[in-house]
Amino acid sequence: MAKPTLQKLLAECFVPDFVEINMHSVLRFLLLAALTDILPNSAQADEISLAAQRQQFLLAEQAIDRNRDTEYFALAAALKNYPLYPYLHYQWLKNHLDADSEIQQFLIDNAASRYASALRQKWLLQLGKKQHWPLLLKHYHGSDDPDLQCYAGLARFETGQTLEALDQARALWLSGKSQPEHCDALFTAYQASPYFNHEMIRQRFQAALNRDNLSLAGYLTRFLTGAELELANTWLKLHRHPETLISDQHWRQYTEQAGELFAHAIDRWLESDVEQAMTAWDKEKSQLTIVSATLAYIEKRIAVTLALKHDKRAYARLSRLDNSDESAREWRVRAALNAQNWQDVAAAIAGLSDEEKSREKWQYWQARGLAEAGQPVSANALFQQLAKNRSFYGFLAAGRLRQTIALEDHPLIVSAQDLDYLQTHPDFRVVSELIAIDRKLEAKRQWWYAIGKLDSRLLPAAAKLAQQWHAPAWAISTIAKANHWDDVNLRFPLEYVQQIQANASAQQLDPALILGLIRQESAFDETADSPAGAKGLMQVMPKTGQQIAADMRDRWDSDNNLFKPELNLKYGAFYYKKLLQQFNGHVALATAAYNAGANKVKRWLPENQTLPADIWIETIPYKETRGYVASVLMYSLIYQQRLQRDSLKIDDLLREVMPG
């Protein structure tokens, strides 16, 4: 008699799509699997066994979701050797955080699993809520979570570890952050101790102001009276309305703090009115007692703010600063570039450190300066050297020389033995199973947990494994962690290329530009979700996606639409095309707008001069956007070669930037 197939067996035992579970079907499945002996020792049988375990895992998850503990334990009993069993049982335990004994056993049995630390965190918070102090301290190993830090401090105080508790309370108190409500009891104990005085209130108030935490700073004033309260209110007024520094001279009566109050107000005022703040600073600074570090800080703030605004006075102010500050040195070069004063550019580059001068960026600008100064031989020698590099400045140099960009592709070679080792490693088997059941986000988290524990020697093999698993974002980041940069196919994959080409064609865009954007935005991670809320391959903001859906008459179900590659690519291409039209087809400007927003880019346009695009990019006020534009343009040129196209030219990407 022929053995039944696994698919037939499952069909007999369960209804479609796992809509319902009952104990009869569970036990019938387990019994038939054993009696029919469908799992012999062979590679094919192993696959069948895994398929059965995956099916049972999904059923066990449903039992957890429906609070059917008896069914869950019946199903889980046969899964203890399945790679995802710790993940499964973690899901049950996080719903049963009062099961102290079971949780402690899980932490012992699965100490090497990612789920041990995740469960410990949730359990410790539960112990804190229940005030189970000895058990909490037994398992607390430090945490960045302020809730848990507060509970640990309370636990120490309540168990007689007074000094340790007060040390923890002091650190939380002086952080300048608003702390969780259950920190109040710890702070009450701290305030009642001999280690607390009014100076602690002043220090916390100042820390809150420095973090712009006005709600906390305002709250702290209730602990002050008399002259201390008046001084605190003066601080708050100058913080909120720094322009009143001139019209209301009340702050001068605080002789000891006047210099500090004045500098704080100027620092705030520079954000809204550079001209007035700078004038007030230059007029008053010598008449007040201001510590040298604060003087230097404000002078730099003024100089860099002028440079960010492309003000012609920036170079002179930057030149007055102490040359030991790296960012000030670099902004002096940028200020000279913005003025297109090549003599000042040469002087500013000469003021860089030897290490800075060796960087591609400043070598490129040195070569540009030599070319502008009428020294083409010296300039071209530098350009020739730079053009050998696969980098933004290398590609700029190649463009200057009318040369093809250099890709320098050297594929990684890893041993089959290393790949086999990783594929059978418990941590990576978990990743493989999470992929198999389509848990993309959980698989990504597990991948980085596994990589964090991996011997660095095996990182190249891990990157190749990620490539084989069609996880390009993991491959890109893993190979970067290994400091290997020359496997072009691995670092610049062509995932989703057919969908990308179709959407590029629909919007009359070059597909290399879309690939360059994706490579920079998400590195081909369709689950990417930024802190700001941007989602998916092209990191589209939900509000933007919803508007595009309306424009295109698409149905909008939820923000999670943007995790679908087909929709994300469609909306991202549409939005980029819209930006290109807004900026008259200028690729660098549209790319900057994709990152920072169109309104900011409009403010960054030169007022009354035309700027070469390379200078405009180098002097973008936001460091993130400077790097972003450079990377997208570089990646687009690389992808053009990967697609075997020649439609994109460096000159097309770097048209001059006209005044706004």
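Here is a walk through the structure, one selection at a time.

**Before you start**

This is a predicted model, so local features are taken only where pLDDT is at least 70 and side-chain atom pairs only at pLDDT 80 or more, while totals for chains, interfaces and linings use all residues. Residues are numbered from 1 along each chain as its sequence is written, and side-chain values use heavy atoms, with hydrogens and water left out.

**The whole chain**

Show the cartoon: the protein chain has 40 helices and zero strands. Helices here are DSSP runs (H or I, at least four residues) and strands are E runs of at least two, numbered from the N terminus. The C-alpha atoms fill a box of roughly 95 × 75 × 50 Å along the principal axes. Of the 660 residues, 51% count as buried; buried means under 20% relative accessible area, exposed over 50%, and partly exposed in between, with a 1.4 Å probe and protein chains only. Among contacts (heavy atoms within 4.5 Å) with a separation of 6 or more, 56% come from residues 24 or more positions apart.

**Stop 1: the disulfide**

Select Cys150 and Cys183. A search of the whole structure finds one disulfide, meaning a pair of cysteine sulfur atoms within 2.5 Å. Here the sulfur atoms of Cys150 and Cys183 are 1.5 Å apart. The link is left-handed, with -70 degrees about the S-S bond. It joins distant parts of the chain, 33 residues apart: Cys150 is in helix α9 (146-158), and Cys183 is in the loop between α10 (162-173) and α11 (184-191). Cys150 is buried at 0% relative accessible area, and Cys183 is buried at 0% as well.

**Stop 2: the core**

Now select Leu136, Tyr576 and Trp616. In the largest nonpolar core, which has 210 residues, these three touch the most other members. A nonpolar core is a set of buried Ala, Val, Leu, Ile, Met, Phe, Trp, Tyr and Cys residues joined through side-chain atoms within 4.5 Å. Helix α39 (623-642) gives the most to this core, with ten residues. Zoom in on Tyr576: not counting residues up to four places away in sequence, Tyr576 touches Leu509, Leu513, Ile514, Leu517, Val587, Ala590, Thr591 and Tyr594.

**Stop 3**

Which residues of helix α17 (274-284) are buried? Colour Val274, Ala277, Met278, Ala280, Trp281 and Glu284 to see them. They sit on the same side of α17, because they cover an arc of only 165 degrees around the axis, taken from the directions from the helix axis to the C-beta atoms. The buried residues of α17 pack against α15 (244-247), α16 (258-269), α18 (292-308) and α19 (314-319).

Next, pick α30 (472-481). Seven of its ten residues are buried, so α30 is largely enclosed by the rest of the structure. The buried ones are Pro472, Ala473, Trp474, Ala475, Ile476, Thr478 and Ile479. Their packing partners are α27 (426-436), α28 (440-453), α29 (459-468), α31 (488-491) and α33 (511-521). Just after α30, look at Asn483, with a positive phi of about 60 degrees.

**Stop 4: buried charged residues**

Select Arg332 in helix α20 (326-338). Arg332 is buried yet has no salt bridge, and the nearest side chain of opposite charge, Asp344, is 8.0 Å away. A salt bridge needs a side-chain nitrogen of Lys or Arg within 4 Å of a carboxyl oxygen of Asp or Glu; for charge, Lys and Arg count as positive, Asp and Glu as negative, and His and the chain ends are not counted. Leaving out residues up to four places away in sequence, Arg332 touches Tyr315, Leu318, Ser319, Asn323, Ala347, Ala348 and Gly351.

Then go to Glu618 in helix α38 (613-618). Glu618 counts as buried, at 3% relative accessibility. Beyond four places in sequence, its contacts include Arg334, Lys361, Trp365 and Arg626.

**Stop 5: two loop residues**

Most residues other than glycine have a negative phi. Select Gln131, in the loop between α7 (114-130) and α8 (133-139): its phi is positive, about 60 degrees. Gln131 is exposed at 54% relative accessibility. Arg402, in the loop between α25 (392-401) and α26 (416-424), also has a positive phi of about 60 degrees. Arg402 is exposed, with a relative accessible area of 65%.
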